[in-house]
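My entries follow in the order I made them.

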Amino acid sequence: LFEEINAASAALQAATRCDKLNVGALGNQVRQLHVHIVARFAGDAAWPGPVWGSGGAHAYAPAARERLIGDIRGALA
């Protein structure tokens, strides 16, 4: 699991050039272990606090979403 977290974190960092990453294993809403890896930027609405419980979700535009997915997949390859 740690190897996968490290690989996903490196790919997200490379794809987004974020200022920092938040990595959290939460289990308070569902019973399964799951890990969140969140790219953070100094200008985001929750900075420098945690993203959880701060504001609402905003969807990516379809083209931006596909570009980000491609960049992350490329960084994982």
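**Entry 1: the helix contact.** I started with the residues where the two helices touch. From α1, Ala7, Ala8, Ala11, Leu12, Ala14, Ala15 and Thr16 meet Leu68, Asp71, Ile72, Ala75 and Leu76 of α2. Contact here means heavy atoms within 4.5 Å. I sorted these residues by type: 10 are nonpolar, one is polar and one is charged. In that scheme Ala, Val, Leu, Ile, Met, Phe, Trp, Tyr, Cys and Pro are nonpolar, Asp, Glu, Lys and Arg are charged, and the others, Gly among them, are polar.

This is a predicted model, where local features need pLDDT of at least 70, side-chain atom pairs count only at pLDDT 80 or more, and totals for chains, interfaces and linings use all residues. Residues are numbered from 1 along each chain as its sequence is written, and side-chain values use heavy atoms, with hydrogens and water left out.

**Entry 2: helix geometry.** At what angle do α1 and α2 pack? I read about 130° between α1 (residues 2-16) and α2 (residues 62-76), with the axes 8 Å apart. That makes α1 oblique to α2. The cut-offs: under 35 degrees is roughly parallel, over 145 roughly antiparallel, 65 to 115 roughly perpendicular, and the rest oblique. Axes are lines fitted to C-alpha atoms, for helices over the stretch in contact, and angles run from 0 to 180 degrees between N-to-C directions. I noted the crossing of α1 and α2 as right-handed. That term applies if the near helix is turned clockwise from the far one by less than a right angle; anticlockwise is left-handed.

**Entry 3: the chain overall.** I counted two helices and two strands. Along the sequence they follow α-β-β-α. Helices (H or I, at least four residues) and strands (E, at least two) are DSSP runs, numbered from the N terminus. The C-alpha atoms fill a box of roughly 30 × 30 × 25 Å along the principal axes. Of the 77 residues, 16% are buried. Buried means under 20% relative accessible area, exposed over 50%, and partly exposed in between (1.4 Å probe, protein chains only). Among contacts between residues at least 6 apart in sequence, 38% join residues at least 24 apart.

**Entry 4: Asn22 and Arg40.** I looked up Asn22 in strand β1 (residues 20-26). Arg40 lies in strand β2 (residues 34-40). Setting aside residues up to four places away in sequence, Asn22 touches His36, Ile37, Val38, Arg40, Val51 and Trp52. With the neighbours within four places left out, the contacts of Arg40 include Cys18, Asp19, Trp47, Pro48 and Val51.

**Entry 5: Val51.** This residue sits in the loop between β2 and α2. Val51 is partly exposed, at 24% relative accessible area. Beyond four places in sequence, I find Val51 in contact with Asn22, Val38, Arg40 and Ala46. Val51 and Val38 are 13 residues apart along the chain, and their C-alpha atoms are separated by 8.3 Å.

**Entry 6: two strand alanines.** Ala25 is in strand β1 and counts as exposed at 54% relative accessibility. Leaving out neighbours within four places, Ala25 contacts Leu33, His34 and Val35. Ala39 lies in strand β2. Outside four places in sequence, Ala39 touches Leu12, Thr16, Cys18, Lys20 and Leu21.

**Entry 7: backbone checks.** Most residues other than glycine have a negative phi, and most peptide bonds are trans. Which residues does a cis peptide bond join? I found Trp47 and Pro48, with omega about 0°. Pro48 lies in the loop between β2 and α2. Arg17 has a positive phi, near 55°, and is not a glycine. I place Arg17 in the loop between α1 and β1. Arg17 is exposed, with 62% relative accessible area.
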